[in-house]
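Please open the structure in your viewer and keep the selection tool at hand. The tour below goes from one selection to the next and says what can be found at each stop.

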Amino acid sequence: MELTRRNALAMGAGAFAATLLPLEAFATPEATQEAIAAFTGGADIGEGGITLTAPEIAENGNTVPISVDAPGAVEIVVMAEKNPDPAVVTFKFGPMSGAQAASTRIRLAGTQDIIAVAKMADGSFVKTSSTVKVTIGGCGG
Amino acid sequence: MISRRDFLQATVAASAIYGVSGVGNWARLAAQQALTQDQLLNFDTFGNVTLIHVTDIHGQLKPTYFREPEINLGVGQVKGKPPHVTGEDFLKMFDLKPGTPEAYALTYVDFVSLAKTYGRMGGLDRVATVINSIRADRPDALLLDGGDTWHGSYTCLKTDAQDMVNVMNKLKPDAMTFHWEFTLGSDRVREIVEGLPFAAMGQNIFDNEWNEPSEDFVDYEIFERGGVKIAVIGQAFPYMPIANPGWMFPEYSFGIHDERMQEMVDEVRGAGADLVVCLSHNGFDVDRKMASKVTGIDIILTGHTHDALPEPVMVGDTMLIASGSNGKFVTRLDLDVRDGRMMGFRHKLIPVFSDVIEADKDVAAAIDAERAPYEAEMAEVLGHTDSLIYRRGNFNGTWDDLICNALIEEREADIALSPGFRWGPSLIPGDPITREDLYNATSMTYPNAYRSEMTGETIKVILEDVADNLFNPDPYYQQGGDMVRVGGMGYHIDVSKPQGSRLSNMTLLKTGEAIDPAKKYVVSGWASVREGTEGPPIFEVVENYIKRVGTVHVDPNKSVKVSGA
């Protein structure tokens, strides 16, 4: 609970955060949609066949464990729509890949949706998303 | 929640908390005549399996007063559903008469006069008597402890929880899960767990370095009882490093992990489990959601949110049990399990009236032995109260008003913040406030009372953040505590709004002026999750204040206006 304004804002909790930081520091949902469109070439994106596992509330916004699993995928991109750069990571799977699944840790600028889009072997796309909350915490019990 | 009528029709057998009729007399003597230990423990043994559930004892070895909440709002889909029903509505929903022992045990209505009539509740020596009585009926009953056991009192703090470990071991639990235990620090937790004569469990306790299930705790244990294979899967508090100081247990990560819970259920079913029980510290609403997502759990023994419900809540085929806190209640659940299925049950939330249920002598002696070295320090009277002192409630309680007043005066602050904990027993007007009473409401391993400057804007960011941890419509995004208590400042809150727009009309009470987002205010608070927080321990701050004031008076807090509920 002992927080300087800087720390509270860096944790990105609430509307006040955005108004005090330069707007261009954050990507917008539109920018994320554009990045997804660039990945898919504008193709339709289906649901199902892809699983994104992420915590509901991050224990530490600087290192959030996530994993993606999309059987039959050749490529999976992960986006964090309110990070300064929404493109977080791209996994490519070759024919020798045992499973089309991967885990990593990502940094989140604040509470936001994480979006994973997979390109399947037949050229189709599927996506899923999950909201991860980044919180100050400290008052539960 | 199904109605009482449906409930009785839908189940093979059900009995709620024991209802004593005709208790219209307000004298303690009459109450004692009407209530007997035999009545409280009366239970027609049923089926072939018995589960005993205790949870959230919070270090309370001795009987206490514990006032249930007046305000416990549910948002989204759980609005108006148990446990988000309080007071008169609670009495109506469960068909309880005002003024009866069960009304006293389960609601805040008429608390002060009923407390004088029916007395303190709990005490692990009384809990032992209840457990012994159940074991006399069914010797192989399983005793399951939902956690928040090794925390919350003077002796627990001074002995690093050895007092609770020693006394609980005498009750012979079969399994336990965790929350506040981790604030002892991970070394101490491992030291205790290594010596525990029962299963320490949590399928959601992960090794932080590898992000894999921790090897220090088991996921589940399978017990054979009455020819039935019973799997008990542990679920620790999911938001430990967020709600409590993560630096005290950096090796561990938590979270809900319901996909892994499903794997565990499938695994134990594959291993032949006839009955699947989840021993959980998720909190009631999180458990309710988990029950709708994970299939194959027969029973969730809930914890963390301190709810006491006289009837189970059904979610699909999963039964949720809520057994209260502080040793006030023991749940007995008898089950008929045949052919790998739960065919019927009988349930009773047994209220532990300490003046009615006799203390088990062996456990009473063990409690006395643990307390003896500290008895003189604990018994010292710091002052008195002429007001009802309690904590539970979503927005404020007089314990925290008292703590905030102490922080403002002793630390010369404009605004005070006190965390929305749900533990901490109550005191009746006229009671002395002993050092033990104070520690029951404040003891912890990160007690330092900080004093720092914050802008109005930062204060709002913090309050909005905490409010979302309580009122996010999705329970998986809640942490289960109550709202941070605020002294020296009033505000309005619309609980139905999204994060960032719930709070308005923040006002500095001493001047009546609106809080200026750009202006700096001196803020004092305690229980910071930050490492290296400086300041005197909160129990010293409040002790000095009470000693100085002598008789504490706390007016009803009218500075928080709530809407959207």
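What follows is a walk through parts of two chains of a predicted model.

**First stop: chain A as a whole.** Select chain A and colour it by secondary structure, which comes to three helices and eight strands. Followed from the N terminus on, the elements run α-α-α-β-β-β-β-β-β-β-β. Of the 141 residues in this chain, buried residues make up 45%. Among the contacts in chain A with a separation of 6 or more, 68% are between residues 24 or more positions apart.

**Second stop: helix α3 of chain A.** Select residues 29-40 of chain A, the 12 residues of helix α3, whose end C-alpha atoms are 16 Å apart, in agreement with the 16 Å that the helix should span at 1.5 Å a residue. Which residues of α3(A) are buried? They are T32(A), I36(A) and F39(A). If you turn the view until you look down the axis of α3(A), its buried residues fall within an arc of 55°, and therefore they line one face of the helix. Turned away from that buried side is a face that carries the exposed residues E30(A), A37(A) and A38(A).

Now show the five strands of chain A that form an open sheet in the order β1-β8-β7-β4-β5, with mixed pairing. At the edges stand β1 (45-47) and β5 (87-92) of chain A, each with a single partner strand, so that one side of each is left without a neighbour in the sheet. On average, and with direction ignored, neighbouring strands of this sheet are turned by 25° against each other. For a view of one pair, select β4(A) and β5(A), which run antiparallel and are joined by five bridges. Within this pair, M79(A) has A87(A), in β5(A), as its bridge partner.

**Last stop: helix α18 of chain B.** Move to chain B and select residues 456-471, where helix α18, with 16 residues, reaches 22 Å from its first C-alpha to its last, close to the 22 Å expected at 1.5 Å a residue. Is α18(B) largely enclosed or largely open? Because 15 of its 16 residues are buried, α18(B) is largely enclosed by the rest of the structure.

How values were computed. Residues are numbered from 1 along each chain as its sequence is written. Chains are lettered from A and ligands numbered from 1 in the order in which they are written. This is a predicted model: local features need pLDDT of at least 70, side-chain atom pairs count only at pLDDT 80 or more; totals for chains, interfaces and linings use all residues. Helices (H or I, at least four residues) and strands (E, at least two) are DSSP runs, numbered from the N terminus. The expected span of a helix is 1.5 Å times one less than its number of residues. A residue is buried if 20 or more other C-beta atoms lie within 10 Å of its own, exposed if 12 or fewer, and partly exposed in between; C-beta atoms are placed from the backbone. The arc is that of the directions from the helix axis to the C-beta atoms. Two residues are in contact if their C-beta atoms, placed from the backbone, lie within 7 Å. Two strands pair if DSSP finds at least two bridges between them. Axes are lines fitted to C-alpha atoms, for helices over the stretch in contact, and angles run from 0 to 180 degrees between N-to-C directions.
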